[in-house]
Amino acid sequence: MTPTLYYLLCAVLSVAVLLGISMMSRVKTAVRGNLLSAVSLFAGIAVTLIYNGIASVWNIYLYMVVGVVIGSALAIRVKMIEMPQMVALLNGVGGLASALVGILTLLGVGHSTVDYPLFTNVTAILAVEVGVITLVGSLVAAGKLHKLLPQRPVIWRSHAAVLNFCLILLTLAVLHAAFAGEFLGLSADISLILLIGVAVSALFGYAFSIRVGGADMPITISLLNSLSGVAGAIAGMAISDILLVSVGGIVGASGLFLTQIMCRSMNRSLIDILTGKTSVSGKPA
Amino acid sequence: MNPVLLILIFAVATGVGYMIIRNVPSLLHTPLMSGMNALSGITLLGAVAAVGLSVAAIRQQDLLLGQILGGLAIIAATLNVVGGFGVTHRMLKMFDKKKREGKES
């Protein structure tokens, strides 16, 4: 497959995904929109397999079959009433996948050549961080909806300080990844960066999600969903996959917009939701 | 690929994605969210590429790591995609039935 054809196919598939999303926002065409998105995603897999010349690697299909079996079993078995926590769980799993791709890229496994090491390192650690935040945040959301965790907003005494501290550490990890190596004579300690990235992101995701009340969880899940799209896009930047970047960007942006629409229709402000103010009782736990 | 180009693609996709959604009826909020969740499993492409290219790795250690972590990534992403689209389809089918029953009665 020539690069030109590949770029053309990527553009066509991105437009198909856009069309699918816009069709899904109308009741009449929603089912067809969903199918269109699904078909274009699977076409994307085929294109990636052929373009990278890896269609003959049989392990890929083995892993995919395992995923398909588990995924379809879950989709068929789940009760309608348990749907929100199911979506949260699936979303978290998607975040995990992005984080793993970021880790692999950071370790230098599984890509042909690195033309821009600085850009690749920075985007890879960002993908890990955003992916892990999505994973842990979604798991907490699913746990709350499934009544495994307390439904009330849990607010620690220094909640904001913990979140800010996490953000500073995460930024430092990214900066370390950027300035290590040739610059400043620092050596890039990849395992240290990864350790900080994963651990602190997990804490951030937990602190972020535990503060939201059970009734506001759907909006949080929508926000985390947008985040997992962004994680995918950043992972795409790390491995220079344009289809991943464009679809991730589309999902990230339209997910954020959907979050705003949901907030408006529930007559709540996003800040109130995220800081754990419920309309029933503002009592901190 | 040039980083500037990649960031440009991201910016354009973000802009278009933000504009594509207009007034969504509240009935469709959850299915749309679930559908987009399935789409965010697009990271599967990255996982597939990582596993496929790690086969050509020179060091034995890289191959093993690529297979374990990459395999886990493929399983997770496929789970997200298949489960997500399946769940969305079931939700949308439910609306269909409701509407038809409503018309018949």
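Reply: Happy to! Let's start with "buried": a residue is buried if 20 or more other C-beta atoms lie within 10 Å of its own, exposed if 12 or fewer, and partly exposed in between. Keep in mind that this is a predicted model.

Me: What makes A:A97 buried or exposed, then?

Reply: A:A97 has 35 C-beta neighbours inside 10 Å, so A:A97 counts as buried. You will find A:A97 in helix α4 of chain A.

Me: And which class does A:R32 belong to?

Reply: A:R32 has 15 C-beta neighbours inside 10 Å, and therefore counts as partly exposed. A:R32 sits in helix α2, which covers residues 30-51 of chain A.

Me: How many residues take part in the contact between the chains?

Reply: Chain A gives 90 residues and chain B gives 75 residues. On the side of chain A that touches chain B, α9(A) has the largest share, 19 residues. By class, that side has 57 nonpolar, 32 polar and one charged residues.

Me: What does the predictor say about the complex?

Reply: The complex gets an ipTM of 0.87 and a pTM of 0.88. Chain B averages a pLDDT of 83, and 89% of its residues score at least 70.

Me: Which residues touch the most other members of the largest nonpolar core?

Reply: They are A:A127, B:A47 and B:I74, in a core of 118 residues. Helix α5 (residues 117-145) of chain A provides the largest share of this core, 17 residues. The core also draws at least three residues from each of domain 1 and domain 2 of chain A.

Me: Where do those two domains run?

Reply: The domain assignment gives residues 1-77 to domain 1 and residues 83-285 to domain 2 of chain A. Their C-alpha centres lie 23 Å apart. The contact takes nine residues from domain 1 and seven residues from domain 2. Helix α1 (residues 3-24) supplies seven residues of the domain 1 side, its largest share.

Me: What makes the phi of A:K147 worth a look?

Reply: Most residues other than glycine have a negative phi. A:K147 is not a glycine, but has a positive phi of about 65°. A:K147 lies in the loop between α5 and α6 of chain A. A:S240 also has a positive phi, near 50°, in a residue other than glycine. A:S240 is in the loop between α8 and α9 of chain A.

Me: What is the secondary structure of chain B?

Reply: Chain B has four helices and zero strands. Of its 105 residues, 53% count as buried.

Me: Which parts of chain B does UniProt list as "transmembrane region"?

Reply: An unreviewed UniProt entry lists residues 6-24, 36-58 and 64-88 of chain B. In the model, residues 6-24 of chain B are 79% helix and 0% strand, with end C-alpha atoms 30 Å apart. Residues 64-88 of chain B are 100% helix and 0% strand, and their end C-alpha atoms are 35 Å apart.

Key: Residues numbered from 1 in each chain as written. Chains lettered and ligands numbered in written order. Predicted model: local features only at pLDDT ≥ 70, side-chain atom pairs only at ≥ 80, totals over all residues. Helix = DSSP H or I, 4+ residues; strand = E, 2+ residues; numbered from the N terminus. Domains from an automatic or database assignment. Contact = placed C-beta atoms within 7 Å. Core = buried A, V, L, I, M, F, W, Y, C linked by C-beta atoms within 7 Å. Nonpolar A, V, L, I, M, F, W, Y, C, P; charged D, E, K, R; others polar. pLDDT = per-residue confidence, 0-100. UniProt positions renumbered as here; feature names shortened; annotations may be inferred.
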